[in-house]
Amino acid sequence: MAGHFPFSGRGGRASTNAFFEAEGLNEDLQEKYYQWWYNQAKEMVENDPELKVTKAHEFKEYPFGQHAHHNFHLNDKAWAVALADLGDFLKGVVFPRLSEEAMHKLEEEHKKMVEGLRKEAEESPREAAPDIGFFRHT
């Protein structure tokens with residue numbers, strides 16, 4: 001029950017970065033996307049009595065996760081890495097607690113949010129990716 005999100009699979013930061021690249025999200029929009037997920041996760045944790053006691057302290061500081069405030073390989077991928085950390089928490093801890101109905105509602109809200117970011121990306125496009133992507137090895 002992991003939904004259809006960039007962190008749903010096993011690709012980690014490469015998947016999240018590929019999502020940002022495919023959607024044309026610049027760094028500000030990447031943070032906006034991340035913050036949406038952060039807010040969702042924090043609310044879900046605060047509304048679950050068990051998670052509130054065991055995990056709420058992890059949301060006292062923004063962003064969430066072990067890579068918070070670090071820029072992966074100094075390559076401007078901080079939000080991709082932070083989202084991978086948050087995504088692992090969501091799909092491993094939070095999503096299994098959601099009903100099928102709640103998961104579908106979340107997917108719909110996500111879809112609308114991404115559509116809004118796409119429109120914003122048209123106004124403020126991302127710098128073009130290099131011929132060999134940042135996470136591809138040759």
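Modeller: One thing before we start: the expected span of a helix is 1.5 Å times one less than its number of residues. Also, this is a predicted model.

Biologist: Let's step back. In what order do the elements of the protein chain run from the N terminus on?

Modeller: There are five helices and zero strands in the protein chain. Read from the N terminus, that gives α-α-α-α-α.

Biologist: What share of the contacts between residues at least 6 apart in sequence join residues at least 24 apart?

Modeller: Some background on the chain: 41% of its 138 residues are buried, and its accessible surface is about 8,400 Å², with 48% of that belonging to carbon and sulfur atoms. As for contacts between residues at least 6 apart in sequence, the share joining residues at least 24 apart is 75%.

Biologist: On helix 1, within what arc do the buried residues fall?

Modeller: Helix 1 covers residues 12-23 and reaches 17 Å, close to the 16 Å expected. Its buried residues are Thr16, Asn17, Phe19, Phe20 and Glu23. Looking down the axis of helix 1, you find that they line one face, because they fall within an arc of 155 degrees.

Biologist: Which helices do the buried residues of helix 1 pack against?

Modeller: Just after helix 1 comes glycine 24, with a positive phi of about 70 degrees. The buried residues of helix 1 themselves pack against helix 2 (27-46), helix 4 (78-94) and helix 5 (100-123).

Biologist: Back to helix 4. How many of its 17 residues are buried?

Modeller: Among the buried ones are Trp79, Leu83, Asp85, Leu86 and Val94. Cover for the buried residues of helix 4 includes helix 1, helix 2 and helix 3 (49-55). Helix 4 is largely enclosed by the rest of the structure, because the buried count, out of 17, is twelve.

Biologist: Phenylalanine 5 and phenylalanine 95 make a ring pair; is it stacked, edge-to-face or tilted?

Modeller: This is one of 19 aromatic pairs in the structure. The ring centres of phenylalanine 5 and phenylalanine 95 are 5.6 Å apart. Planes under 30 degrees apart count as stacked and those over 60 as edge-to-face. Here the planes are at 50 degrees, so the pair is tilted.

Biologist: And how many residues apart in sequence are the parts that this pair ties together?

Modeller: Phenylalanine 5 and phenylalanine 95 are both buried. Phenylalanine 5 sits in the segment before helix 1, and phenylalanine 95 in the loop between helix 4 and helix 5, so the separation in sequence of the parts they tie together is 90 residues.

Biologist: Which residue does a cis peptide bond join to tyrosine 62?

Modeller: Tyr62 belongs to a cluster linked by ring pairs, with Tyr34, Tyr38, Phe59, Phe64, Trp79 and Phe89. Omega for the cis bond is about -5 degrees.

Biologist: Leaving aside neighbours within four places in sequence, what is histidine 110 in contact with?

Modeller: Histidine 110 lies in helix 5. A residue is buried when its relative accessible area is under 20%, and histidine 110, at 7%, is therefore buried. Its contacts beyond those neighbours are His4, Phe5, Pro6, Tyr33, Trp36 and Trp37.

Biologist: Last one: what distance separates the C-alpha atoms of methionine 103 and histidine 4?

Modeller: Methionine 103 also lies in helix 5, and it is buried at 4% relative accessible area. Along the chain, methionine 103 and histidine 4 are 99 residues apart, yet their C-alpha atoms are separated by 10.0 Å.

Key. Residues numbered from 1 in each chain as written. Predicted model: local features only at pLDDT ≥ 70, side-chain atom pairs only at ≥ 80, totals over all residues. Heavy atoms only, no water. Helix = DSSP H or I, 4+ residues; strand = E, 2+ residues; numbered from the N terminus. Buried < 20%, exposed > 50% of the residue type's maximum accessible area, 1.4 Å probe, protein only. Contact = heavy atoms within 4.5 Å. Areas by Shrake-Rupley, 256 points an atom, 1.4 Å probe, with all protein chains shown as cover. Arc of directions from axis to C-beta. Phe/Tyr/Trp six-rings, centres within 6.5 Å; stacked < 30°, edge-to-face > 60°.
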